[in-house]
Amino acid sequence: MGVKASCSSKRCRVLEDVPTPSPDDPLTDVLPALESSPAHRAVVVADGLVVGVVTSSDVSRVTSWLASAGWRKRAL
């Protein structure tokens, strides 16, 4: 795991050891890496290409939604 990002903009910063899971990795494997990452983000990579980004906030939002009764009503 690890991606180094750099740019010339003052708004960019260098991030090291950003988790790079594949789309097929179970969330239970990705969560510990997200929590330990200073960026609280993971760059999802498939076949060497970035296919997405997942954040700790994304996971929190989805788990809250799933824990509510709202998802059951929509599924029926």
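Trainee: In which loop is Asp47 found?

Mentor: Asp47 is found in the loop between β1 and β2. Please keep in mind throughout that this is a predicted model.

Trainee: What is the phi angle of Asp47?

Mentor: The general idea comes first. Most residues other than glycine have a negative phi. Asp47 has a positive phi of about 55°, although Asp47 is not a glycine. The setting is a hairpin formed by β1 and β2, with 2 residues between the strands, and Asp47 belongs to the turn.

Trainee: Is Asp47 buried or exposed?

Mentor: The cut-off for exposed is over 50% relative accessible area. Asp47 has 82% relative accessibility and therefore counts as exposed.

Trainee: Which other residue deserves a look for its backbone angle?

Mentor: Consider His40, which is not a glycine and yet has a positive phi of about 55°. His40 is found in the loop between α1 (27-36) and β1. At 37% relative accessibility, His40 counts as partly exposed.

Trainee: How many bridges join strand β1 to β2, and do the strands run parallel or antiparallel?

Mentor: Strand β1 (residues 41-46) is joined to β2 by 6 bridges, and the two run antiparallel. Two pairs of residues may be followed on the display. Ala42 has Val54 as its bridge partner in β2, and Val44 stands opposite Gly52 in β2. When you inspect such strands, recall a general point: in a regular strand the side chains alternate between the two faces of the sheet.

Trainee: Where is Thr55 placed, and what is Thr55 in contact with beyond its neighbours within four places in sequence?

Mentor: Thr55 is in strand β2 (residues 49-55). Leaving aside neighbours within four places in sequence, Thr55 is in contact with Leu34, His40 and Arg41. The His40 in this list is the residue with the positive phi discussed above.

Trainee: Why does Thr55 count as buried?

Mentor: Buried means under 20% relative accessible area. Thr55 has 15% relative accessibility, so Thr55 counts as buried. Compare Glu35, which lies in helix α1 and is exposed, with a relative accessible area of 58%. Glu35 and Thr55 are 20 residues apart in sequence, and their C-alpha atoms are 9.5 Å apart in space.

Trainee: How should I read a salt bridge, and how many does the structure hold?

Mentor: Side chains of opposite charge can pair when their charged atoms come close. The structure holds 1 salt bridge. In this salt bridge the side chains of Asp58 and Arg61 meet at 3.3 Å, N to O. Asp58 and Arg61 both lie in helix α2, 3 residues apart, which is about one turn of the helix.

Trainee: Which residues form a nonpolar patch on the surface?

Mentor: Val62, Trp65 and Leu66 form the patch, and together they have about 270 Å² of accessible area. Trp65 is found in helix α2 (residues 56-67). Trp65 is partly exposed, with a relative accessible area of 38%.

Trainee: What is the pattern of the protein chain, read along the sequence?

Mentor: The pattern is α-β-β-α-α, and the secondary structure comes to 3 helices and 2 strands. Of the 76 residues, 18% count as buried. The accessible surface of the chain comes to about 5900 Å², and 55% of that surface belongs to carbon and sulfur atoms. As for contacts with a separation of 6 or more, residues 24 or more positions apart account for 15% of them.

Trainee: Which element has the lowest mean pLDDT, and which has the highest?

Mentor: In general, pLDDT is the predictor's confidence in each residue. Helix α3 (residues 70-75) has the lowest mean pLDDT among the elements of the chain, at 60, whereas β2 has the highest, at 92. The mean pLDDT of the whole chain is 77, and 68% of its residues reach 70 or more.

Terms used. Residues are numbered from 1 along each chain as its sequence is written. This is a predicted model: local features need pLDDT of at least 70, side-chain atom pairs count only at pLDDT 80 or more; totals for chains, interfaces and linings use all residues. Side-chain values use heavy atoms; hydrogens and water are left out. Buried means under 20% relative accessible area, exposed over 50%, partly exposed in between (1.4 Å probe, protein chains only). Contact means heavy atoms within 4.5 Å. Accessible areas come from the Shrake-Rupley method with a 1.4 Å probe; for residues, only the protein chains shown count as cover. Patches are made of residues with over 30% relative accessible area and no salt bridge: like charges are joined within 9 Å, nonpolar side chains (Val, Leu, Ile, Met, Phe, Trp, Tyr) within 5 Å. A salt bridge is a side-chain nitrogen of Lys or Arg within 4 Å of a carboxyl oxygen of Asp or Glu. pLDDT is the predictor's confidence in each residue, from 0 to 100. Two strands pair if DSSP finds at least two bridges between them.
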